[in-house]
Amino acid sequence: MWINFPLFPQRASAMAWQVDGLFFLLLAVSGFFTLLIFVLIFVFSVKYRRSVHPHPVQIEGSLPLEMAWTLIPLGICMIFFAWGSLIYFQEARPPQDAMQIWVVGKQWMWKFEHETGQREIDQLHIPVNRDVKLVMSSQDVVHSFFVPAFRIKQDVLPGRYTQTWFRATKVGSYQLFCSQYCGTNHSQMIGEIIVMDPMAYQAWLGLGGASGSLPANGRQVFQQMGCASCHRSHGQGTGPDLAGMFGKPVQLSDGRTVVADEDYVRNAILNPGAQTVAGYKPIMPSFQGQVSEDNLDALVAYIKSLAQPQPNATSQMQ
Amino acid sequence: MATAVQTVERENYLNSNYGIKSWLLTTDHKRIAMLYLVSITAMFWIGGFFAMMIRLNLLTPSGELVTADTYNKLFSMHGIIMVFFFLIPSVPAVIGNFVIPLMVGAKDLAFPRVNLLSWYVYMLGACVELTAMVTGGVDTGWTFYTPFSTTYSNTHVIGAALGIFIAGFSSILTGLNFIVTIHRMRAPGMTWRRLPLFCWSNYAAALIMVLGTPVIAITLLLVAVERGLGIGIFNPQLGGDPLLFQHLFWFYSHPAVYIMILPGMGVISEIVTCFSRKRVFGYEFVALASIAIAVLGFLVWAHHMFVAGISVYAALVFSMLSYLVAIPSAVKVFNWTATMYKGSIRYDTPMLYAFGFIGLFTMGGLTGIFLATLGIDVHVHDTYFVVAHFHYVMVGGMVMAYMAGLHFWWPKITGRMYPEGWAKLSALLVFVGFNTTFFPQFVLGYMGMPRRYHAYPPEFQVLNVLSTAGASILAVGYVLPMIYFLWSLRYGEPAPPNPWNAVGLEWMTPSPPPTHNFDETPVVTWEAYDYEHQPQEEVTVGH
């Protein structure tokens, strides 16, 4: 137990340096104020102890001092507010060209699916120095995806997608924890992120295990579930044409405009009446409960793939 | 000063009546405070037993003492008991109940029978809660997050929620009583600017109790409705929204931490002035800081949800507001420290606990700044860093203040002095034990150990062992006062009316006070903490 006794987490992502930098600055500032209070209390209680200072001097207060110890801490706080928010905004906005991994949390395991079709459980292999975006959902209760070495954490919710991203900077294996309490084996819902150099990663991809890419699987689901009978290309169907839709603004029948992201597409499948596209009748049935979390991810990945001009894909839709 | 012998022999609230009925049907605020003291002390030991089991289980990485399910129940029940049945009623229902009417110069609280009702409601809630625990327990955490609590947990969720639901009404009744008493029952001359700061801070806490508690009642009712009737509110599979629960839950439960800490801050204001023999530095600022905390405390709830999937702009607003609520707390700490400047300081036990409070509350408050900082919160959220932070505020802060207050007013409450030497030892043990228990948890949290883990990776073991060792010191620190307080009831030195030579109306009546508190309604002509002008010996009531 004494051999392996670290006091600080590993630092293996670009974000880790930023978070630690802010953390140490805040630690220094807090340390200063804690020490200030401790020293003042100690000095006052020794210097003004009753045996040497029997007659207290009554002081009502001091407006300048009150102002000082209101405004100075407030000013310092605002610096940390701004800096902390900058980091948070970066964490919330995955880079456009990030490689995408689909994550499903369930009691008590993590399921990962690569765009290229590899599936993993409680292990995620990714290449070093590459932006990785995670699109996550839960099959049951709220979980939370937490990799201390990357300093990232994001709750994983049932019924919708949440996202986070990271860029691993060091080859190695890092702990993944579920950090939102999720029932009996919450503490067993752990895994590892295996960061590989690009060559090794390519070799790992080549090992097989992939049964077709994720969008290709999605296309199969699309056909099995009969989606194509309404969603035809060039506006010929009773449903909107899905080619080129992903990532673009969509005009809804209630007048709102939303961007067709992963969460929109997911909602459009599970709860179509809520966000009907303008010009179409709200006739699509809900697929809530009829499509598994994994197939849902595949469907969304397929519809996303239609955003790129792929002559093959559009002809397949009909 | 009256001699001890006289005070013990005269009629007081303890010897005016004997028999179980005279206690269970009493409407005397002082006796109801005693009923609360006995009840919440029992709850404290039950919650403390759960805490000790948690710490013992975490001695080994594989968690060999209890099963995962048992462990989950232990931390859930520890949280529920300590938050809803100990911390929330502690200072208000025991110390506040006893001293607020004395402090404002009143014969009792505004609604004495409502006060008794609040204790019965509390007891009913506690009985329902304990029944739910004895018959199988609950494993949702004290936070009842959905859809786990409404759909997936196989434990007594509805029973546990019902216990909290019922106990909430006792908190509302106490709050209501304090608000009306402080508005309507102040003695002639006791203006708002002369009101002791303990009353100000309990007033602020009472506002939150009355305005916030109904929200947790509604929320828990909705949990029961979804769990019992299958009506979709929070579970997305039934068309609900799990984040809605978190918003509703924290809308009460964040202000609730100010219900817990504000009365404690009031205790510290009383003690620091008394043992420095000085008026408080910046009375208006300390008083208004309490109100500012109560108001701002309602506007920061979503800082519990920065990684829950809320909008980044919402997170921005809640982060900003969370810094703002930290400022009035900082103002209080600076003012207490400045109060000691050029004072005449004695180190009696209440003051030692007050030193402990100021130091540990400062650390608890400053680590709150880490959690308000968005970029850092993402990393430390739901780790032991958060566990350490709120124990620094709630145990290092609030329980220290409660102990400080118990020692400070013990002579007034019981008419007996506690043994000073033992009390100082216990204050020291609590301080050392507390820091040994919870400081390592800050380090564990930043290293990434998630909270609510029955088992953990082996590299976290050393710090966990240290934490458990600290918890056993802390336990001794809490057992000691239990023993010597009971001992003092029989063998303690009889207490004079004003053992600390303090100002404040509660010290101008005998110890223990007569049933009607004052023989004549006092007339107040001096400011709070007027240690310079108030002629102690001459102003006695009931000549």
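Biologist: Happy to start with a helix: how far does H2(A) reach from its first C-alpha to its last?

Modeller: First, a word on conventions: this is a predicted model, where local features need pLDDT of at least 70, side-chain atom pairs count only at pLDDT 80 or more, and totals for chains, interfaces and linings use all residues. Residues are numbered from 1 along each chain as its sequence is written, while chains are lettered from A and ligands numbered from 1 in the order in which they are written. Helices (H or I, at least four residues) and strands (E, at least two) are DSSP runs numbered from the N terminus, and the expected span of a helix is 1.5 Å times one less than its number of residues. H2(A) has 30 residues and an expected span of 44 Å, and the distance it reaches is close to that, at 42 Å.

Biologist: Which element gives the largest share of the side of chain A that touches chain B?

Modeller: Two residues are in contact if their C-beta atoms, placed from the backbone, lie within 7 Å. The contact takes 74 residues from chain A and 75 residues from chain B. Elements giving two or more residues to chain A's side include helix H1 (14-47), strand S6 (143-147) and strand S9 (172-178). The largest share, 15 residues, comes from H2(A).

Biologist: And how do the residues on that side of chain A divide into nonpolar, polar and charged?

Modeller: Here Ala, Val, Leu, Ile, Met, Phe, Trp, Tyr, Cys and Pro count as nonpolar, Asp, Glu, Lys and Arg as charged, and the others, Gly among them, as polar. On the side of chain A that touches chain B, the division is 42 nonpolar, 23 polar and 9 charged.

Biologist: Why is chain A described as more spread out than a compact globule?

Modeller: Chain A has 7 helices and 12 strands. The radius of gyration is taken over C-alpha atoms, and the globule rule is 2.2 Å times the number of residues to the power 0.38. For 318 residues that rule gives 20 Å, so chain A is more spread out than a compact globule, with a radius of gyration well over that value, at 27 Å.

Biologist: What separates the centres of the two domains, domain 1 and domain 2 of chain A?

Modeller: The bounds come from an automatic or database domain assignment, which gives domain 1 (12-34 + 67-210) and domain 2 (214-316). Taken over C-alpha atoms, the separation of the centres of domain 1 and domain 2 of chain A is 29 Å.

Biologist: Which strands of chain A each supply at least two residues of the side of domain 1 that touches domain 2?

Modeller: The contact takes 10 residues from domain 1 of chain A and 9 residues from domain 2 of chain A. On the domain 1 side, the strands that each supply at least two residues are strand S1 (99-106) and strand S5 (131-138).

Biologist: Is Leu35(A) buried or exposed?

Modeller: Leu35(A) lies in helix H1 of chain A. With 10 other C-beta atoms within 10 Å, Leu35(A) is exposed.

Biologist: What radius of gyration does chain B have?

Modeller: Chain B has 16 helices and 0 strands, and 63% of its 543 residues count as buried. A compact globule with 543 residues would have a radius of gyration near 24 Å, which agrees with the value for chain B, 23 Å.

Biologist: How far apart in space are Pro514(B) and Ser16(B)?

Modeller: Pro514(B) is in the segment after helix H16 (461-491) of chain B, and its contacts beyond four places in sequence include Glu11(B) and Tyr13(B). Although Pro514(B) and Ser16(B) are 498 residues apart in sequence, their C-alpha to C-alpha distance is 8.3 Å.

Notes. A residue is buried if 20 or more other C-beta atoms lie within 10 Å of its own, exposed if 12 or fewer, and partly exposed in between; C-beta atoms are placed from the backbone.
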